[in-house]
Amino acid sequence: MKTLFIIPARGGSKGIPRKNIKKLNGKPLIEYSINQAKRLTDPQNILVSTDDLEIANIASNCGVKPPYLRPKELATDSASSYDVYLNAIKYYESLNIFYDIIVVLQPTSPFRKLENIKDSIKLYKNDIDMVVSVKETNSNPYYVLFEENKNGFLRQSKPSDIIRRQDCPKVYEYNGAVYVINVESLKEKPIYNFMRIKKYLMDEIDSLDLDTPIDWLFAEFLISNNLIK
């Protein structure tokens, strides 16, 4: 399978300003994902998708020069990742380069391990839409999640007779670390319409997604206390 690794990294970020190039343990955050991708493929199969010249320059210094800057309309808060991936596929196909799958590595998952990526790719088959990394969530809809009804009263999101948390079905949430996406499926429909999805389970620490200043402080705590293997 011909594989394109996409590292999406727009310049604007709300929770942690300029987070994709903010230094974590002495190096820009995006460098973690670039280095992992370089261990899995040649640089010509790695796309750092960015609208930002500073990010593009850092990627180039890491040996992965972005072939283009992402259009501004694909770098807004409301732009969808689906459109970003389609834009990348169309760019390469305009050069007669055709990929079977894309592997998305978000820069905000610095503790993702190389084997997490390799194992996710191994799970992929061409008759599914996507393999996605997940973690087991603590916010179980059978137990602790509630919604307001039309009268403003809380009701359990997934009504059940379950009394003990340990008796609840396991529930998973996307952790943002790895997406292995069927290009043909991507051309047919948005990711949120995918039905043939397989999970790749990761642990809590490897799943850490840096979205808020508290997330960042926790990442620094883990590093400074040698809790990252």
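1. Basis. The model is predicted, so local features need pLDDT of at least 70 and side-chain atom pairs count only at pLDDT 80 or more, while totals for chains, interfaces and linings use all residues. Residues are numbered from 1 along each chain as its sequence is written, and side-chain values use heavy atoms, with hydrogens and water left out.

2. Fold content and size. The chain holds 6 helices and 10 strands (DSSP runs: helices are H or I of at least four residues, strands are E of at least two, numbered from the N terminus). Its radius of gyration, taken over C-alpha atoms, is 19 Å, close to the 17 Å that the globule rule gives for 229 residues, so the chain is as compact as a globular protein of that length (the rule is 2.2 Å times the number of residues to the power 0.38). Along the principal axes, the C-alpha atoms fill a box of roughly 55 × 45 × 35 Å.

3. Of the 229 residues, 45% are buried (under 20% relative accessible area; exposed is over 50%, partly exposed in between; 1.4 Å probe, protein chains only). Among contacts with a separation of 6 or more, 72% join residues 24 or more positions apart (contact means heavy atoms within 4.5 Å).

4. Residue N87. N87 lies in helix α3, residues 81-94. It counts as partly exposed because its relative accessibility is 23%. Beyond its neighbours within four places in sequence, N87 is in contact with Y68, P71 and L74. D161 is 74 residues from N87 in sequence and 47 Å away in space, C-alpha to C-alpha.
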